[in-house]
Amino acid sequence: MLNLLIFGPPGAGKGTQASLLAKKYTLNHLSSGELLRQERENGPLGVKIKKYQDAGQLVPDSLIIKMIEEAIKKDLNGNGFIFDGYPRNLHQAKALDRFLKTLGKNIQIVLNLKLNSKTATERILLRSKTSGRSDDNKKIIASRLQVYRQQTTPLLEYYKTQNKLKNIDGSPAIKSVFQQISEIIKNRFSPFRKKAAANE
Ligand code: AMP
């Protein structure tokens with residue numbers, strides 16, 4: 001089983017790279033932002049989620065931790081997970097470690113897509129033309145970037161001390177970033193080489 005985390009500021013390309021990885025390694029792509037957006041559309045928690053997302057703030061830990069755990073439980077026998085946008089703070093990271101441990105699983109690699117705030121903002125504004133996301137606008141982007149810096153970046157140290165962190169330059173084209181990531185995984189996991197080659 002291959003369990004990966006992908007980090008980076010909003011606009012770094014986490015979702016794009018995570019879906020490419022999910023395809024190549026047959027992983028379950030778990031995007032916390034996407035799970036929340038789906039719940040926001042249809043679920044009873046919609047109003048609450050909208051309030052946080054449209055302020056660029058994190059939704060309460062209790063809510064998202066439960067949603068992620070439910071999603072993991074639905075796919076225990078697959079090839080693994082790529083967590084995109086989760087965890088976003090230390091409390092969530094520890095909850096994830098604890099939960100995976102109860103299942104005899106763990107995170108093997110943490111990918112950190114690095115991108116400066118200026119480029120991140122430009123990319124999101126470009127994406128806003130087609131994403132239909134109410135939080136892809138200039139004012140909310142600023143608070144999302146601030147939340148990322150304040151609450152999420154401390155997690156990088158947490159995974160660095162566990163020897164799991166891999167930094168990647170997120171500024172080049174999608175294909176080139178994906179090549180960098182694939183190399184990292186290939187070097188770490190020979191059992192996945194055959195499968196990935198077959199999917200290329
Ligand atoms: P994303 O799609 O990852 O950019 O997330 C969009 C929004 O969903 C964020 O600005 C938060 O409001 C919320 N969100 C996504 N993931 C999390 C998380 N792990 N914890 C709390 N809130 C989250």
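Predicted model: local features only at pLDDT ≥ 70, side-chain atom pairs only at ≥ 80, totals over all residues.
## Basis of the model

Residues are numbered from 1 along each chain as its sequence is written, and side-chain values use heavy atoms, with hydrogens and water left out.

N163 sits in the loop between α8 and β5 (165-169), and its phi is near 65°, which is a positive value in a residue other than glycine. With a relative accessibility of 71%, N163 counts as exposed, where exposed means over 50%, buried under 20% and partly exposed in between (1.4 Å probe, protein chains only).

T26 also has a positive phi, of about 50°, although this residue is not a glycine. T26 belongs to the loop that runs between α1 (14-25) and β2 (28-31), and because its relative accessible area is 41%, T26 is classed as partly exposed. A further backbone feature concerns the peptide bond from Y86 to P87, which is cis, with omega near -5°; P87 itself is found in the loop between β3 (81-84) and α5 (90-102).

## Aromatic pairs

Three aromatic pairs are found in the structure, a pair being two rings of Phe, Tyr or Trp (its six-membered ring) whose centres lie within 6.5 Å, stacked if the planes are under 30 degrees apart, edge-to-face if over 60, and tilted otherwise. Among them is the tilted pair of F7 and Y159, with 5.9 Å from centre to centre and 45° between the planes. Since F7 lies in strand β1 (residues 4-7) and Y159 in helix α8 (residues 154-160), this pair ties together parts that are 152 residues apart in sequence. Both partners are covered by protein: F7 counts as buried at 4% relative accessibility, and Y159 counts as buried at 0%.

Y159 also pairs with Y158 in an edge-to-face arrangement, with the centres 5.0 Å apart and 80° between the planes, and Y158, like Y159, is buried.

## Ligand surroundings

The ligand is surrounded by 16 residues, of which S32, R37, Q53, Q57 and Q92 are the closest, where a surrounding residue has a heavy atom within 4 Å of the molecule. Helix α2 (residues 32-42) contributes most to this shell, with four residues.

An oxygen atom of the ligand lies 2.6 Å from a polar backbone atom of Q57, whereas on the side-chain side an N or O atom of R37 is 3.0 Å from a ligand oxygen and a polar atom of R133 is 3.2 Å from one. Taken alone the ligand exposes 480 Å², and the protein buries 95% of that, with areas from the Shrake-Rupley method and a 1.4 Å probe.

How values were computed
Helix = DSSP H or I, 4+ residues; strand = E, 2+ residues; numbered from the N terminus. Polar contact = N/O pair within 3.5 Å; in protein donor to acceptor, adjacent residues only side chain to side chain.
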